[in-house]
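Please look over the sequence and the model below before reading on. The text that follows walks through selected features one at a time.

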Amino acid sequence: MSPAETQTMRVEREDLNPCTIRLKVVCTPEQVQSGVKKAVKALSKQIKVPGFRPGAAPIDVMEKMLSASDIDSYAQEETVNSTFKKACQDEELELGGQAMIEEVDYDRSAGKCTYTVKVPLAPKIELGEYRGLSAEKLKVTVTDAEIARQIDELRAARGKKTAVDRGIKDGDNALVNIKVDGQEGDGINFMVVVGQTFEDLDKALQGMKTDDIKSVKLHFPETFQEADLKGRELGCKVTVRSVSAIEVPELDDEFAQSVDLADVDELKEKIQEHILRSKRQIAQEALNERLLEKLLESSTVHVADTAWEGVAERRLAEIREELKKQGSTLAEYAKHNGMEEEDFVSAQKNEARTQVQRAVLIERIFNKEGMKVTDQDASEQFVRIAYENRVPEADIKKFAKEYGPQIRDEVVYRTMYSKVMRLINQEAKITEVEVPSGQGGGN
């Protein structure tokens, strides 16, 4: 990394990869002062100085009347923006996206402004052959057991909860009080589905009845909802406040008619069609993944770090926020999945990089094939997004007005993806294979 002298400032350049450049820019005192003057002039339009038109008073007078922090903030941004543009011109860099300022050292009184910035260049692509790719697709089947399981779930959803006067069994709903030995208060009440809590508690509850009390030692899992208990092994008093079970309706023609079907045979047929449709979609998504893996393997794709780093950070922020609501942390979540936090973050970054590389390939093929995004394409994709977000049909126009501009890029990309993958699938050499034993018929 060697300094390159420009006309008025110093620029140090570091090529991080074929599409990402890091610049360290050292501004001159004159550039810093120029930024200050522009800041004062712009900010002074918001104040009145007796005897002068807005913005026309001497700069030293206006500077004394303005907030130092406001001047610094505006002047720093002005200095960075103007000098960055010049640095890119001097280094003959053409931006391929939004630059990322990494660090700024600014001191107005010392006439100092030094900063580092990541500069993204346009992707560099050597596109592999995307016609005639070979891949395997899982053969989709539906078993009688899968149909029966779906029907049981439907019956349970339409069942009635009733109190029971017997020992607890798996699947029962119970209101349970847990009081840690030695702690003050009345303990904590939990509504649980027995068999779906955690090992020690599920074992303790088996056979208990309403008002039964049991003294047990519970090893609370790291994922337990109460922060004070998670990961600890404690002596506890477990009290059953109430027990209820779901009375499911009989599987007969009357039940089928309650879901607007003629009889049990038609119910089974509709359930089979639903499972088959879902499995076919999953199998197609798996095939698309494999085809894109093959395309990426045969292509050379370089993208700017800034293109995928932002994607990874947004995803990680979403995960952290969701975990916070659950009273957990990223480190705990990673550990639950058999990873250290650092490994989990690294995996998210790798996934973001891969997804951006794939998106770049999709766009390149879309343009190479002369494909277009029509109004009808955009409308269809928008409706799908609205449906995925559970927007009622009556509210779609309102949703479009409020969120249309924000999801425009997603609508465009989904259209490109759909058209390109349709072409790749049509041209691919696809072999249908049986699902390996024990993998559930294509799931």
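The model is a predicted one. Helix H7 covers residues 264–298 and helix H10 covers residues 341–368. Their axes come within 11 Å and cross at roughly 85°. An angle from 65 to 115 degrees counts as roughly perpendicular, and H7 and H10 are therefore roughly perpendicular to each other. On the H7 side, the contact is made by Glu289, Leu292, Glu293, Leu295 and Leu296. On the H10 side, Thr354, Gln357, Arg358, Leu361, Ile362 and Ile365 take part. Sorted by type, the residues of this contact are six nonpolar, two polar and three charged.

Charged side chains also pair up elsewhere. How many salt bridges does a search of the whole structure find? The search finds 27. One of them joins the side chains of Arg108 and Asp72, with an N to O distance of 2.6 Å. This pair links distant parts of the chain, its two residues being 36 residues apart. Arg108 lies in the loop between strand E4 (100–107) and strand E5 (112–120), whereas Asp72 belongs to helix H3, residues 68–90. Arg108 has a relative accessibility of 23% and counts as partly exposed. Asp72 is partly exposed as well, with a relative accessible area of 26%.

Another salt bridge brings together the side chains of Asp172 and Arg166, at 2.8 Å from N to O. Are these two partners buried or exposed, or something in between? Buried means under 20% relative accessible area. Asp172 has a relative accessible area of 3%, so Asp172 is buried. Arg166, with 27%, is partly exposed.

Glu199 forms a salt bridge with Lys203, and the closest N and O atoms are 3.2 Å apart. Because Glu199 and Lys203 are four residues apart in helix H5 (residues 199–205), about one helical turn separates them. Both Glu199 and Lys203 are exposed. Salt bridges can also share partners, and in this way Arg13, Asp15 and Glu91 are joined into one network.

Next comes a tyrosine. Tyr74 is located in helix H3, the helix that also holds Asp72. With a relative accessible area of 35%, Tyr74 is partly exposed. Which residues does Tyr74 touch, if those up to four places away in sequence are not counted? They are Lys38, Ala39, Ala42 and Leu43.

The cysteines come last. A disulfide is a covalent bond between the sulfur atoms of two cysteines. The structure holds zero disulfides. Cys19, for example, is in no disulfide, and the nearest cysteine sulfur, that of Cys88, is 15 Å away. A disulfide requires a pair of cysteine sulfur atoms within 2.5 Å. Cys19 counts as buried, because its relative accessibility is 0%. Cys236 is also buried, with a relative accessible area of 0%.

How values were computed
Residues are numbered from 1 along each chain as its sequence is written. This is a predicted model: local features need pLDDT of at least 70, side-chain atom pairs count only at pLDDT 80 or more; totals for chains, interfaces and linings use all residues. Side-chain values use heavy atoms; hydrogens and water are left out. Buried means under 20% relative accessible area, exposed over 50%, partly exposed in between (1.4 Å probe, protein chains only). Axes are lines fitted to C-alpha atoms, for helices over the stretch in contact, and angles run from 0 to 180 degrees between N-to-C directions. Angles under 35 degrees count as roughly parallel, over 145 as roughly antiparallel, 65 to 115 as roughly perpendicular and the rest as oblique. Contact means heavy atoms within 4.5 Å. Ala, Val, Leu, Ile, Met, Phe, Trp, Tyr, Cys and Pro count as nonpolar, Asp, Glu, Lys and Arg as charged, and the others, Gly among them, as polar. A salt bridge is a side-chain nitrogen of Lys or Arg within 4 Å of a carboxyl oxygen of Asp or Glu.
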